[in-house]
Amino acid sequence: MSLINALAGFVTSNYAQRLEKIRKNPIELQSTVLKSNLESAKNTMIGKEYDFESIKNYDDFRDRVPVVSYEEFQPLIERARRGEKDIFWPGKISWFAKSSGTTNAKSKFIPISKESLDGNHYAGGKMMFANYLEKHPETNIFKRKNLRIGGSADLYKEYETQFGDLSAIMIDNLPFWAEFVNTPNKEISLMSDWEVKLDAISNAVVKENVGCLTGVPSWMLVLLNHCLEKTGKSNIHEIWPDLEVFFHGGISFTPYKTNYNEIAGKQMRYYEIYNASEGFFAIQDQTESKDLLLLLDTGIFYEFIPMDKLDSREAIPLHDVEVGKNYAVVISTNGGLWRYMIGDTVRFVSVRPYRVVVSGRTKHYINAFGEEIIIENAEEALKAASEATGASIAEYTAGPVFMDQKEKGAHEWIIEFEKEPDDFDKFCQILDETLQSINSDYEAKRYNNMTLNVPKVHLAPKGLFYTWMKQRGKLGGQNKVPRLSNDREYLDPILEIMQKNGSEEE
């Protein structure tokens with residue numbers, strides 16, 4: 001091991017040890033987190049309302065504190081945004097992560113306390129690097145720069161507090177020495193105009209010796225392609241010969257892996273993380289498996305609602321979850337969120353230790369006809385169709401075609417390809433057939449076109465989703481194209497753009 005790796009190992013050794021405790025003592029750690037958060041917040045307004053001081057165990061906590069959505073918690077957040085102290089976490093919350101959220105159209109403002117910033121968001125990143133060093137002691141990433149890409153990163157002051165993308169809050173609060181290991185610099189990273197920022201990032205990073213990438217797959221791909229255009233290189237390893245790993249999160253990597261393999265030039269490693277404005281939840285801790293280890297000692301207490309109990313909000317603790325089941329995630333955090341539904345669903349693949357895959361969103365699915373298509377289903381079907389037809393997907397969205405008098409319903413897809421299928425009809429057929437093979441409810445509705453007709457699939461022109469996101473003011477690293485919707489909120493505006501441009505294909 002090199003001297004710099006030995007130093008990195010020394011700096012991250014505490015986080016490597018904590019990962020081992022997470023694997024071996026998960027329930028004990030979760031109990032400690034709950035007690036600590038309750039103790040910290042006992043004198044806040046919400047702590048007094050539910051008498052946190054007298055809560056002795058999980059059953060007390062569950063029975064006393066209600067499960068809430070953002071909309072229900074939002075009035076308290078607004079009070080804290082206006083500078084009121086001790087609402088749901090001690091002292092004044094100075095930062096709020098603005099998230100477009102995928103649960104509804106309006107912005108969400110997630111409280112970021114100093115404890116959650118240091119003890120969760122930064123700690124999760126340090127665990128990610130500690131795990132990577134442990135798995136790859138020969139790595140050279142600590143000798144190189146980390147190419148980071150965040151969202152539209154200006155911080156805005158409103159009332160008595162600041163808000164902006166989580167990436168802006170994290171970058172703005174990093175210690176001075178972080179500038180020496182990250183690229184682009186803070187000034188460029190905090191630019192707000194995505195299209196101007198894209199050019200500035202490219203100009204800066206192509207001159208650096210980059211060893212790893214961190215960011216959202218879709219926007220990172222836009223940046224990498226821009227760098228290739230700017231340099232005239234055929235693959236990204238011609239720009240950065242020592243690039244070895246991409247730490248990615250925010251959206252599923254499945255639709256993008258082929259694209260990355262094509263521009264990589266040589267083999268790269270890909271490690272997934274599961275983070276959001278609400279918290280840094282999990283990391284891929286194994287090289288050979290994409291399953292994600294829940295981080296259980298970073299200030300977040302987890303509960304899970306079985307999907308068939310979602311309406312009743314009957315949550316269960318970690319030790320009661322079962323492998324193979326889908327659950328909605330509920331968190332109580334050192335940022336002041338209490339029994340808060342984040343809108344994600346996960347499926348446990350292991351309980352020794354607790355590892356999950358992100359299976360979708362509680363409100364991002366298609367169930368207009370009882371078919372219950374979740375994002376995990378969509379990703380698997382799109383992967384099968386792409387592999388069978390040599391395609392690679394850039395972006396997509398899907399939703400229902402509602403029944404109209406005697407006309408049956410259907411699903412409608414808009415797909416923008418990085419590489420179009422060699423047989424578009426075959427792609428559509430395999431997409432439909434795979435969905436039927438992995439989802440019995442969808443299969444029943446499709447049987448003999450009983451309820452659902454053949455899916456309607458549009459081949460979108462290049463740049464369509466970029467144009468749509470730009471119109472919505474959603475360009476940048478933390479903004480995501482909504483994948484599935486149970487209505488036509490996204491489909492109709494995108495189709496309108498296609499029709500105006502006269503470029504609609506089916």
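**Exercise 1.** Determine how the residues of the lining of the largest cavity divide by class.

*Solution.* Step 1: the lining comprises five nonpolar, seven polar and one charged residue; Ala, Val, Leu, Ile, Met, Phe, Trp, Tyr, Cys and Pro count as nonpolar, Asp, Glu, Lys and Arg as charged, and the others, Gly among them, as polar. The model is predicted: local features need pLDDT of at least 70, side-chain atom pairs count only at pLDDT 80 or more, and totals for chains, interfaces and linings use all residues. Residues are numbered from 1 along each chain as its sequence is written, and side-chain values use heavy atoms, with hydrogens and water left out.

Step 1: the largest cavity holds about 50 Å³ of space. On a 1 Å grid over the protein atoms alone, a cavity is a set of points where a 1.4 Å probe fits but cannot get out, and lining residues have an atom within 4 Å of a point. A volume is the space filled by probe spheres set on the points, which are joined across faces, edges and corners.

Step 2: of the 13 lining residues of the largest cavity, P111, S116, E278, T333 and G335 are the closest to its centre. Two or more lining residues come from each of β2 (108-112) and α6 (114-135); helices (H or I, at least four residues) and strands (E, at least two) are DSSP runs, numbered from the N terminus.

**Exercise 2.** Describe how α9 and α10 pack, and state at what angle.

*Solution.* Step 1: helix α9 (residues 194-205) and helix α10 (residues 217-231) pack at about 60°, with axes 9 Å apart. Axes are lines fitted to C-alpha atoms, for helices over the stretch in contact, and angles run from 0 to 180 degrees between N-to-C directions.

Step 1: α9 and α10 are therefore oblique to each other (under 35 degrees is roughly parallel, over 145 roughly antiparallel, 65 to 115 roughly perpendicular, and the rest oblique).

Step 2: the contact of α9 with α10 involves eight nonpolar, three polar and two charged residues.

Key:
On a 1 Å grid over the protein atoms alone, a cavity is a set of points where a 1.4 Å probe fits but cannot get out, and a pocket is an open set with protein on both sides within 12 Å along at least five of seven lines; lining residues have an atom within 4 Å of a point.
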